[in-house]
Each structure stands twice: as C-alpha cells, then as structure tokens.
Amino acid sequence: MLIIGIAGGTGSGKSTVVRQIVARLGEGRVSVVSQDAYYYDSSHLPLEERRKKNFDHPSSIEFPLLAQHIRDLRAGKTIQQPTYSYITCSRLAETIEIQPTEVVIVEGILILGNDELRKEIDIKVYVDADDDDRLARVIQRDMAERGRDAQMTLDRYAKTVKPSHLQFVEPTKRFADIIIPQGGMNQVAIDILAKYINSHLKD
C-alpha cells in the first residue's frame, strides 16, 4: 500500500489534483480520506458560535483519529470515516466506509503539519497557488456549497483563513517531497506524479 498526502492552502486546487490522480490510476485502486471529515464536533455550541470556529487551525482537527484510521487502512482494515457538515458546523451521525486499496490519498490543508500523521505518509505533496487565485476559488466554493455569501467569505478569509495559512499551512511546504505549482491547472506535474505512483506500485 502507498499512502499519499496532498496538502496546500484553502482553494489551492487539492481536490482537483486528487480527482485527476484517481482518474489516471483508476477508482478501484485508490481510496481518498479527507481531513475535513475529522473536524471535532461542536454541536454542543449555539450555531452562531459554531460558525465563528477557525477551521484552519490545527486544534480543530481530530488528528489522533485520522492517524489511527490511516494505520488501520495500512493494516488492511476497513474504516468508518466521519462526516461533517459545514452548514450546521457539526459532525453527523453517518459515516463513510473506506476500504484499504493499493493507494490511499489523504487530503487536507493541515495534514503535513501533524507529526503523527506525517509519519504515516509515504509521498508528501504540496499544491501551491497564488493567493488571489485561492481566494476566488474559496468565494465560489463557499457560496455554492457552504451557505455563505461573498462578504461572509471575505470577512472569514481576512480574520482566520489568511493568518492561519501563513502560520500553519504554508510552512509545511518544507515537508513536501513534491510541490505542484498552479494547483490543478498543472497537468504536467499531475502526469509526472501519476506516473511516479504507478512505477512505485510496480516496483
């Protein structure tokens, strides 16, 4: 089994890179585990308090459970990945069953910053993108998927996303084995990564 970590800032194009890697390798060979599924539950707080949560701070993620799930997959065990709603800002009762496969991709902005999780990752990838491009993608995503208008997203970006990116996300670039500039638009880098993964599996 090959564990691949794909990190990078919010809106950098991580999900696009993941989708393209899966498409090149074949869905039956790849399982994807998302850091975003492992946010701590905050349903005990009023909704307005939940919405103020800094989703870009390492303390918001249940990393011990995520790292354990990666170890379980490597050991050939099926896991029950949590699910999280950005609308209600709480963990849901439903889980998603993930089977061990040849390749497991762990995707999330903070995955290279956690020592316990980083030790489980065989190939560390950082998806890089300009701040302006990331912000434009974040606005589009938040309006389409997370029930926020443009002003809410801009306020959140200024208060938590940008400061946390500079403090917690961008510094993890130094842990990366591969850096993909221009995010999901960089077809050459994605092709090289996919070919490397294939050759590694054959070896």
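Author: Phenylalanine 55 is buried, and so is tyrosine 84, where buried means under 20% relative accessible area, exposed over 50% and partly exposed in between, with a 1.4 Å probe and protein chains only. Please keep in mind that this is a predicted model, in which local features need a pLDDT of at least 70, side-chain atom pairs count only at pLDDT 80 or more, and totals for chains, interfaces and linings use all residues. Residues are numbered from 1 along each chain as its sequence is written, and side-chain values use heavy atoms, leaving out hydrogens and water.

Tyrosine 84 has a relative accessibility of 12%, so it counts as buried. The rings of phenylalanine 55 and tyrosine 84 have centres 6.2 Å apart and planes at 75 degrees, so this pair is edge-to-face. Here, rings of Phe, Tyr and Trp (its six-membered ring) pair if their centres lie within 6.5 Å; planes under 30 degrees apart count as stacked, over 60 as edge-to-face and the rest as tilted. Because phenylalanine 55 lies in the loop between α2 and α3 and tyrosine 84 in strand β3, the pair ties together parts that are 29 residues apart in sequence. Helices (H or I, at least four residues) and strands (E, at least two) are DSSP runs, numbered from the N terminus.

Now for the next partner. The structure holds three aromatic pairs. In one of them, the ring centres of tyrosine 39 and tyrosine 84 are 5.2 Å apart and the planes stand at 50 degrees, so the pair is tilted. Tyrosine 39 sits in the loop between β2 and α2 (47-51), and tyrosine 84 in strand β3 (residues 79-85), so this pair ties together parts 45 residues apart in sequence. With 3% relative accessibility, tyrosine 39 counts as buried.

Strand β2 (residues 30-34) runs parallel to β5, joined by five bridges; two strands pair if DSSP finds at least two bridges between them. Valine 32 stands opposite isoleucine 105 in β5. Strand β1 (residues 2-8) is also parallel to β5, again with five bridges, and leucine 2 faces valine 103 there. Strand β5 (residues 103-107) is mostly covered, with five of its five residues buried. Val103, Ile105 and Glu107 point one way from β5, while Val104 and Val106 point the other way.
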